[in-house]
Amino acid sequence: MAEGRSRKVVVEVCNARNLLPKDGQGTSSPYALVDFDGQRRRTKTKPRDLNPQWDERLEFLVNDPDSMATETLELNLYNDKKSGKRSTFLGRVRISGGTFPTAGSESLVYYPLEKRSVFSQVKGEIGLKLFYVDDDPAPASATPEKPSQDEKSGEKPPAEEEKKTDQEKKQEDHKEEPPKKAEDGKEKKPPEDAKKEDPPPEKKSSDAEKPSEEEEKKKKAEDEKPAAATSPAAFGVSDVDIPSLGERSTSTYDLVERMPFLYVRVLKAKGDFGLAAGSSIYAKVVVGSQSIRTRSSETPEWDQVFAFHKDKLDSTSLEVSVLVEKSVDGKSTETCLGTVAFELQEVPKRAPPDSPLAPQWHTLEGVPNANDVMLAVWLGTQADEAFPEAWQSDSGGQLVHTRSKVYLSPKLWYLRLTVIQTQDLRVSSSQPDSKGRPPELYVKAQLGSQVFKTTKATGGFTAASANPSWNEDLVFVAAEPFEPFLVVAVENSVTGQAVGQFKLPVAGMEKRMDDRLEPRSKWFNLSSDDAGKQYAGRIHVRACLEGGYHVLDEATYVTSDVRATAKQLWKPPIGSLEVGILGATNLLPMKTKDGTRGTADAYCVAKYGRKWVRTRTILDHFSPRWNEQYTWEVYDPSTVLTVAVFDNSRYKEGDGKDARIGKIRIRLSTLETNRVYTKSYALTVLQSSGAKQMGELELAIRFSCSSWVSLMQAYVNPILPRMHYARPLTPVQQDALRHVATRIVTARLGRAEPPLGHEVVNYMLDSDTHVWSLRRSKANWFRIMAWLKHAASLVRWVDEVRTWSSAGTTVLVHALYAILVFYPHLILPTLFLYLFFILIWRFRVRRFSAGNMELRLSCVDAVSIDELDEEFDSFPTARSAEQVKMRYDRLRALAGRAQTLLGDIAAQGERMEALASWRDPRATAMFAVFCLLTSLLLYAVPFKVVALFGGFYFLRHPRFRSDLPPASINFFRRLPSLSDRIL
């Protein structure tokens, strides 16, 4: 356990619902066994109750708080038979320790019971409250404490009391459970039919009932060492395996190349410097043509680290000098206090996880005075822990906008405000209307920049007061830290003035995880002034923060996280994603330097889930090498990693915009597990003048899976959390809230240091997908046609069989059809076997590399320059009237074609309805007679004979066919539609 900190996990087992009856009498007697960190606790048995209510509090000591996230709490629910047999399994719940909230933020969460195996029969859910508490123990004295009088008088130490309570609990458990019969010290074997449903028995050795001398010695040793009660061995947990140094060194930066750097850490200096008033001292590091100085200070203390790329060094020696800067009469003079030199061949090498190199005092040479400087010099790589905060020679030194950083998107919640009704509104006194029109009241709620309104309530108002009701939900997006207040106002649309308003604190709102328990509704007084003194009525509302939803902040087809907002609902990760950003090659010039030549200052941004990473900016380089590696936890394989490259314009211009160089997306489900993909991806950016190849990005990707069972199960689980299906939002709501969430994420990341510009975040989140684009419309149309191409290929193949293009194939189809008619039970097995062989055949041509942007699929070359210019046009448009008129006419032409297609589809459906609507009495009468004769024929003739002759007639030789359409098609085309009734 970590020193100076103790932690305990509290599990409140509240109740369970809709359990499966397993006692043979239509009910069950459930109890719960909870295991965590090698400890087990048990609840009481609730006899004959399918909806038990426990309300019991179970506590667990955490052996190592730092590794609590890797532990798993497992709750098993059993039916207590009370007859000497083993209890039957009712379900289980497994919760990762990383999802436990702190004390005070817990809430009641209902977890669905899971199966233990495929043979388990499970139903229902259990309600739990989980949280952890950190206790700061009192500081221990250096000398051992003497036993107090209470201890001498017979009171037991706390450790012994805990042991006693555990023993008492076990005795109570044994009292509730009848003793099991044993033969020769062994447990009785369960019956064969109960193997799948029995709970895992507590491990007891055969000598447990007969304590031996060794056990007595162990007990005495435990009594002498009370602290052992909190050790892992006390709870039956083995020591944690610590990886070796070799394993730890290979697990970090193993996907990227090791870049050698020369590190110089300058801490401080000492000696007789003779610093006068107005003078400052600094250190200067020189390696060949590269030189850098520390910050100037009045005291010789700096503690700065400098990292020089070894491949760019043009000297074999390093010099560190200490200088004093004086200002006399506006002129600055520098005095050298000495220099220390190092040969680079003698500089030691260091590789993590080695401890940092200890700095040493070095004597400054070249001056008579004995001055010393404390510094450390070593050769390392970008994996060194000093690298992120060091001055870097390839990224502009200490520039803020060129540093590598990791960002986290704000935690987003849906805030639901249910407006129920109002009472005693003072409409007439505060809202006079000269025309005598009745008031039209609505409720307006505002959270930050978000404003939503209810529908207007009209009628039923008296002259003195109004009591309208709405029962409408207004949903907002709230980000942590929350806005202070949600402002709710009742307004009259006739006069355009507010009747009254009130402020609702957001931080104090109830957080709910599902829709089983509605939050409590409250009445609030409305005031017509800001001071809140003038009473204007009251309003009945219900407000809560929805933790069971996932707040969408990116386009659904590129989503990278589908977890619920509430951490209690998270499941353990199924694996990890490691991305090594190696570098870029052949980048095009993005701007000019010194007005003479082009240059590029490139950096890379990667996003997955809430975690954003940004590499350092390599200045003035067309083939930058970053060699940075990052890791994400994966909770769903059907998610997308987004990586983009930008040109940095902010390190010189604070308010400049970073230019796009290119973007790629990689779907994790297309990657094989535990395999490294190293590939160069083409960077293409779409501009108003067309697509432009900007260079290539080299990545190394590895998707590691920790559990194949969890990975396979993720494919059959719902994509979104349960609340999206139990209480779904409308598509219009989802789209509006997604744009609001995108704006919030953009604003929050723009306030970070260094900031991620809004142009970067919008490009990564594809926030402009809702804007009209003729190119995207064509791409979607061609995607539909490509999907229908397979159906068209099947139709062509059937037509070739019907026309006897290949006599052998047609004969084989006749034989297969006859077999399936006489043996219909072979249809489905044959179909699935055929699909299996197709999949096996295509396995040999599967794609081994991750996907990339496809220009042909994006229809970049299938559109004109004007169509691309329309896509990049702002909203509202900034083009001339002639251009807008031309584009409008083009859009009308396309819409006319779509209108005709929709009319043809609608006509086919109306003809189907016309068969039974008697709109054409002769056609419907003919169809009725046909149905009668067909039914009599099918009654008289066996179905197999009808199917056989029908199939052979369909596959008859072209010699027996006519060139004209069949009678059935002619009859269907003559049926009336409603197209002739449209104006």
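Which residues of strand β13 sit on the covered face, and which on the uncovered one? Let's start there, and keep in mind that this is a predicted model. Strand β13 runs over residues 290–293. Gln290 and Ile292 make up the covered face, while Ser291 and Arg293 are on the uncovered one.

Now, who does β13 pair with? That would be strand β12, residues 280–287. The two run antiparallel and are joined by four bridges. If you want a pair to find on the screen, take Val285, which stands opposite Ile292 in β13.

Is Ile281 buried or exposed? Its relative accessible area is 0%, and the cut-off for buried is under 20%, so Ile281 counts as buried. What is around it? Leaving aside neighbours within four places in sequence, Ile281 is in contact with Phe273 and Leu275, then Arg295, Ser296, Ser297, Thr299, Pro300 and Trp302, and finally Val322, Leu323, Val324 and Leu337. There's also Cys336, 55 residues away along the chain, with 9.8 Å between its C-alpha atom and that of Ile281.

Let me zoom out. The protein has 983 residues, and 38% of them count as buried. It has 17 helices and 40 strands. Of the contacts with a separation of 6 or more, 70% are between residues 24 or more positions apart.

Next, a sheet. This one is open, with four strands in the order β4-β1-β8-β7 and antiparallel pairing. At the edges you have β4 (53–62) and β7 (109–112), each pairing on one side only. From one strand to the next, the twist averages 30°. Within that sheet, β1, residues 6–17, pairs with β4 over eight bridges, in the antiparallel sense.

On to the helices, and I've got two pairs for you. How do α8 and α9 cross? Helix α8 covers residues 731–750 and helix α9 covers 758–765; their axes come within 9 Å and cross at roughly 140°. The antiparallel label needs an angle over 145 degrees, so this pair is oblique. The crossing of α8 and α9 is right-handed. On the α8 side the contact is made by Thr742, Val745, Thr746 and Leu749; α9 brings His758, Val761, Asn762 and Leu765. By class, that contact has four nonpolar, four polar and no charged residues.

The second pair is α11, residues 807–822, with α16, residues 943–954. Here the axes come within 9 Å and cross at roughly 165°, so α11 and α16 are roughly antiparallel to each other. This crossing is right-handed too. From α11 you get His814, Tyr817, Ala818, Val821 and Phe822. From α16 come Lys944, Ala947, Leu948, Gly951 and Phe952. What is the make-up of the contact of α11 with α16 by class? Seven nonpolar, two polar and one charged.

That's my tour.

Terms used:
Residues are numbered from 1 along each chain as its sequence is written. This is a predicted model: local features need pLDDT of at least 70, side-chain atom pairs count only at pLDDT 80 or more; totals for chains, interfaces and linings use all residues. Side-chain values use heavy atoms; hydrogens and water are left out. Axes are lines fitted to C-alpha atoms, for helices over the stretch in contact, and angles run from 0 to 180 degrees between N-to-C directions. Angles under 35 degrees count as roughly parallel, over 145 as roughly antiparallel, 65 to 115 as roughly perpendicular and the rest as oblique. A crossing is left-handed if the near helix is turned anticlockwise from the far one by less than a right angle, and right-handed if clockwise. Contact means heavy atoms within 4.5 Å. Ala, Val, Leu, Ile, Met, Phe, Trp, Tyr, Cys and Pro count as nonpolar, Asp, Glu, Lys and Arg as charged, and the others, Gly among them, as polar. Two strands pair if DSSP finds at least two bridges between them. Buried means under 20% relative accessible area, exposed over 50%, partly exposed in between (1.4 Å probe, protein chains only).
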